[in-house]
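Look over the sequence and the structure before reading on.

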Amino acid sequence: MTDITALTTRSANRCFGGTQGFFSHESEACNGTMNFAVYTPPQAEKLDRLPVITYLSGLTCTEENFVIKAGAQRVAAELGLLLVAPDTSPRNQGIAGEDDSYDLGTGAGFYLDATQEPWSRAYRMYSYVTEELPRVIAANFPAAMDRQGILGHSMGGHGAITIHLKHPETYRSVSALAPICAPTQGPWGEKVFSAYLGDDREAWKDYDSCELVRRRPSAAEILVDQGSKDEFLEGNLMPDKLAEACADAGQELKLRMQPGYDHSYYFVQTFIEDHLRYHAAALST
């Protein structure tokens, strides 16, 4: 059996007193080599266990986008946070249509476990993020696995909220930047869910934040930032539907509409410090 915890270090660079590393390993869930990034803050020189924040990126991204564009390392170094950023999908699977569009296949794993062939052979990002990757992190990094938070952007915001709601004891804090809030009701979700999960729309609800929060609200407060000039706001993101679902379920939600901001990483880098401080406070004990 493949040792999924065995790492290949692709690069390691000093950054704000810590180390920004890029790694790869063999994944059973995703049927091949998966890449991910970890920022280890300077506190690791003295402490064996640090809070872990997993960041899930959006459509078309790799493990590099957040690391290079968000400017998160400075704050993580101050707060002593281990930042984990996985890739967004399996790659090079040889599946017909895998690379034909930006919103299905490569770069569009949607943080779910596909049940339909041929996608089910490898597109199991939910299991990868919640089971396999944590084993890799625990085996190789100074990680306090009992103090984990999760956040993401766009498709990754969808992933962060849904994973938190399914595993609130594991991911004790959660936040999102411009998340896809109701994928069962938007074109991105309908396209992907049809391909990955089939025609049973009831099965889709297992990966919809609005549906999940109505089933089981968590004790955590969900922080969401959303730009008012986001080009995907109305058709695909729909934060108003999340606000309605949270109100119905009694779920604490801090939804902040940010005037003038769009969907880009300029938006992400503007508010990432708030989000990391939010997680650090929640995981401080």
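Contact here means heavy atoms within 4.5 Å. The model is predicted. A search of the whole structure finds two cavities of 30 Å³ or more. The notes below take up Thr 88, Val 129, the largest pocket and both cavities.

**Thr 88**
- Thr 88 sits in the loop between β5 (82-86) and α3.
- Thr 88 counts as buried because its relative accessibility is 0%, and the cut-off for buried is under 20%.
- Its side chain reaches the backbone oxygen of Cys 61 at 2.6 Å.
- Neighbours within four places in sequence aside, Thr 88 is in contact with Ser 57, Gly 58, Cys 61, Gly 107, Ala 108, Gly 109, Phe 110, Tyr 111, Met 125 and Met 155.

**Val 129**
- Val 129 belongs to helix α3 (residues 125-140).
- Val 129 is buried, at a relative accessible area of 3%.
- Leaving out neighbours within four places in sequence, Val 129 has contacts that include Leu 56, Tyr 111 and Ile 163.
- Thr 8 is 121 residues from Val 129 in sequence. In space the two are 18 Å apart, C-alpha to C-alpha.

**The largest pocket**
- The volume of the largest pocket is about 210 Å³.
- Its lining has 13 residues, and Leu 59, Thr 60, Cys 61, His 153 and His 263 lie nearest the centre.
- Six of the lining residues are nonpolar, six are polar and one is charged.

**The largest cavity**
- The largest cavity has a volume of about 60 Å³.
- Its lining residues include Gln 20, Tyr 39, Phe 66, Gln 73 and Leu 83.
- Two or more lining residues come from each of β3 (32-40), α1 (64-69) and β5.
- Nine residues of this lining are nonpolar, two are polar and none is charged.

**The second largest cavity**
- The second largest cavity has a volume of about 50 Å³.
- Val 129 is one of its lining residues, and others include Val 52, Thr 54, Leu 133, Ile 137 and Gln 148.
- β4 (50-56), α3 and β6 (143-153) each supply at least two residues of the lining.
- Helix α3 gives the most, with four residues.
- The lining of the second largest cavity divides into seven nonpolar residues, two polar and no charged.

- Cys 61 lies among the residues nearest the centre of the largest pocket, and its backbone oxygen is reached by the side chain of Thr 88.
- Val 84 lines the largest cavity, and Val 84 also lines the second largest cavity.
- Tyr 111 is in contact with Val 129 and with Thr 88.

Note on methods
Residues numbered from 1 in each chain as written. Predicted model: local features only at pLDDT ≥ 70, side-chain atom pairs only at ≥ 80, totals over all residues. Heavy atoms only, no water. Buried < 20%, exposed > 50% of the residue type's maximum accessible area, 1.4 Å probe, protein only. Polar contact = N/O pair within 3.5 Å; in protein donor to acceptor, adjacent residues only side chain to side chain. 1 Å grid on protein atoms, 1.4 Å probe; cavity = no way out; pocket = protein on both sides within 12 Å on 5 of 7 lines; lining within 4 Å. Points joined across faces, edges and corners; volume = space filled by probe spheres on them. Nonpolar A, V, L, I, M, F, W, Y, C, P; charged D, E, K, R; others polar.
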